[in-house]
Amino acid sequence: MNQVPIKHIDSDVIDKHAVKTMLERRIPDFTLEQAFYNSPEIFRIDMEEIFGKEWIFAGMTCEFPKRGSFTTLDVGGNPIIIVRDNKDQIRAFHNVCRHRGSKICTTQKGKSAKLVCPYHQWTYDLDGSLVFAGVDMGDDFDKSLYSLHPVHCENAGGYIFVCLADTPPPIQEFLDDLNHYLEPYDMANTKVAYESTIIEKANWKLVVENNRECYHCDGSHPELLHTLLEWDDNNDPRATPEFITLVEKQQKLWSGHDIPFKFKGAYGLRNRMVRTPLKEGTHAMTMDGKAASKKLMGRIDTPDLGVLRILHLPNSWNHGGGDNLIAFQILPVSPQETKVITRWIVHKDAVEGVDYDVENLIHVWMATNAQDRTLAETNQLGVNSKAYQPGPYSKTYEFGVINFVNWYCEQLEANLG
C-alpha cells in the first residue's frame, strides 16, 4: 500500500512568502496544512490579513440602549470601544489613549457620559474628541489633534460590524439584505436575555469548520436534533422529497405573513442567509420544540418561522426564530484558543419568568456549544500530531466547510497581495 509522506513546514521559517507557497500548493477540497491550525506566525498573519482587513461582527445594537452605553472587545490584538454617542449614532474607536497609549475602557461593558483614561485622566467625548488633557500640556497644546482613532463601523438589522482596514471591503449589499430579512424582528426593540462566553482550545478555523457542517450532528448533538433539520434549502444535495415538500409548505405560510425567506448568497462565499423549516410541528430550538418566549419578536404573529440562518465570515453564524434570535460570535485569542460568545435575544418587553424561562431558552444551544467545544478541542489535539496530514472533505456533507476554506484561502491570498 502506497503511503503519502507526511510533511510539515518548520514554524520558525514561516513568513508571508511561505504562506503564499502553501496556499498555491494546497489540495482542493482537502483540509489545510498543519501550520494553518497551530502556527503562531500564521495566526499573526490571520489577525493582520483576515481579522485586520475584513468586516468583523462586533455586537448587537440592542446592547446600547442609551447614550453613553459602551462595550469593548479585542479584534486580533487590537482593543476596540463601541459606544452610542450623544446623537444616538453607534461609533467605534481604538481603545487606546492618545497620551501614553493606555487602554481607556477596562470593563467589558457599561455606561459613561465621557470616556476617561484611568492613567492620567485624559477625557474624551462620545464622538472621540479630546475634551480634557489637564493644565500641564502647555498653552499651545491643541486638543483637536488628539481625538481617538476611529474604527470603521456599520450597523444593519440590529448587527454591528467593524473593520480595521484603512479602506474596508464592500459590505453595503449584505447590510441591505440584513435590514430586509430582519425587518419583521424590529431589532431596535429587543434585548439580550442571556449571554454565554466560552474558550475553546482550538484554532478559530477549526471552530468555524465544525460549525459549517452537520456531518457530525447525528452522533454528537441529540438536543439539537430534536428540532433541527440540517438541510439549508431545496438545493442541498442531501435534501429528501419530504424536506422539499415541507419547504414548499412553509414558504407559502411565510409568504402569507410577509416574512422573507429566499436564499441570498450573491456576495460570494463570505455571507449568506436563508430561512429554513424546523422539524414539522416544532417552533423553536427547545427540548419540547415549543416557542421559548410567549412574546414574539417585532411584528411576527406566528412562532412557526423555522429558522433564519445568517452566516457572516469570518466570525458569526445566527439562527432567528419567531420568538428569539441566537447570535454566535467568535474572536480568536491565540493559535489554539478561540472565544465563542452566544447571545439569546428576545423582545424587549418579554419578562423573564413570565414570558420565558432562561434555562428553557438556552438549554439546547448551551449543550450544543459544550459538545462542539469538545469536538473542536479533540480535533486540535489530533491536528497537532506529527501524524496529521491534510484529509479529504465530503463534497456532499461538508460542502459548507469547503466553501469556508475556499473563502479563507482566496481572501488570505488576495489580502497578502
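Visitor: Which residue is the bridge partner of Arg275 in β13?
Guide: Leu308 is the partner. Keep in mind that this is a predicted model.

Visitor: How many bridges join β12 to β13, and do they run parallel or antiparallel?
Guide: There are 6 bridges, and the two strands run antiparallel.

Visitor: Is β12 enclosed or open to the outside?
Guide: β12 is largely enclosed by the rest of the structure, because 6 of its 6 residues are buried.

Visitor: Which way do the residues of β12 point?
Guide: Asn271, Met273 and Arg275 point one way. Arg272, Val274 and Thr276 point the other way. All of them are buried.

Visitor: Zoom out. What is the strand order in the open sheet?
Guide: The order is β11-β16-β15-β14-β13-β12. That makes 6 strands, with antiparallel pairing.

Visitor: Which strands stand at the edges?
Guide: β11 (190-200) and β12 (271-276) do. Each has a single partner strand, so one side of each lacks a neighbour in the sheet.

Visitor: What does the twist average from one strand to the next?
Guide: It averages 15°.

Visitor: What holds strands of a sheet together in general?
Guide: Strands pair through backbone hydrogen bonds, either parallel or antiparallel.

Visitor: Back to β13. How many bridges join it to β14?
Guide: There are 5 bridges between β13 (residues 307-312) and β14 (residues 316-320), running antiparallel. Ile310 stands opposite Asn318 in β14.

Visitor: And the loop between β13 and β14? Where does Pro314 come in?
Guide: Pro314 sits in that loop. The peptide bond from Leu313 to Pro314 is cis, with omega near 20°. Most peptide bonds are trans.

Visitor: What lies across the sheet strands β11, β14, β15 and β16?
Guide: Helix α8 (residues 358-383) does, running at about 25° to β11.

Visitor: Where is Ser334, and is it buried or exposed?
Guide: Ser334 is in strand β15 (residues 325-334). Its relative accessibility is 18%, so it counts as buried. The cut-off for buried is under 20%.

Visitor: Which side chain makes a polar contact with that of Ser334?
Guide: The side chain of Glu337, at 3.2 Å.

Visitor: New topic. How many aromatic pairs does the structure hold?
Guide: It holds 18. Take Phe36 and Tyr408: their ring centres are 6.2 Å apart and their planes stand at 90°, so the pair is edge-to-face.

Visitor: What about Trp122 and Tyr146? How are their rings placed?
Guide: Their centres are 6.4 Å apart and their planes are at 80°, so this pair is edge-to-face. The pair ties together parts that are 24 residues apart in sequence. Trp122 is in the loop between β6 (115-116) and β7 (123-124). Tyr146 is in the loop between β8 (130-132) and β9 (150-156).

Visitor: Buried or exposed, those two?
Guide: Trp122 is buried, with a relative accessible area of 3%. Tyr146 is partly exposed, at 28%.

Visitor: Which residues do ring pairs link into a cluster?
Guide: Phe36, Phe51, Trp204, Phe404 and Tyr408.

Visitor: Now β9. Which strands does it pair with?
Guide: One is β4 (residues 90-94), antiparallel over 2 bridges. Phe93 has Pro150 in β9 as its bridge partner. Another is β10 (residues 159-163), antiparallel with 5 bridges.

Visitor: What do β9 and β10 form?
Guide: A hairpin, with 2 residues between the strands. Gly157 in the turn has a positive phi of about 60°. Ala156 stands opposite Tyr159 in β10.

Key
Residues numbered from 1 in each chain as written. Predicted model: local features only at pLDDT ≥ 70, side-chain atom pairs only at ≥ 80, totals over all residues. Heavy atoms only, no water. Helix = DSSP H or I, 4+ residues; strand = E, 2+ residues; numbered from the N terminus. Buried < 20%, exposed > 50% of the residue type's maximum accessible area, 1.4 Å probe, protein only. Polar contact = N/O pair within 3.5 Å; in protein donor to acceptor, adjacent residues only side chain to side chain. Phe/Tyr/Trp six-rings, centres within 6.5 Å; stacked < 30°, edge-to-face > 60°. Pairing = 2+ DSSP bridges. Axes fitted to C-alpha atoms, helices over the stretch in contact; angles between N-to-C directions. Contact = heavy atoms within 4.5 Å.
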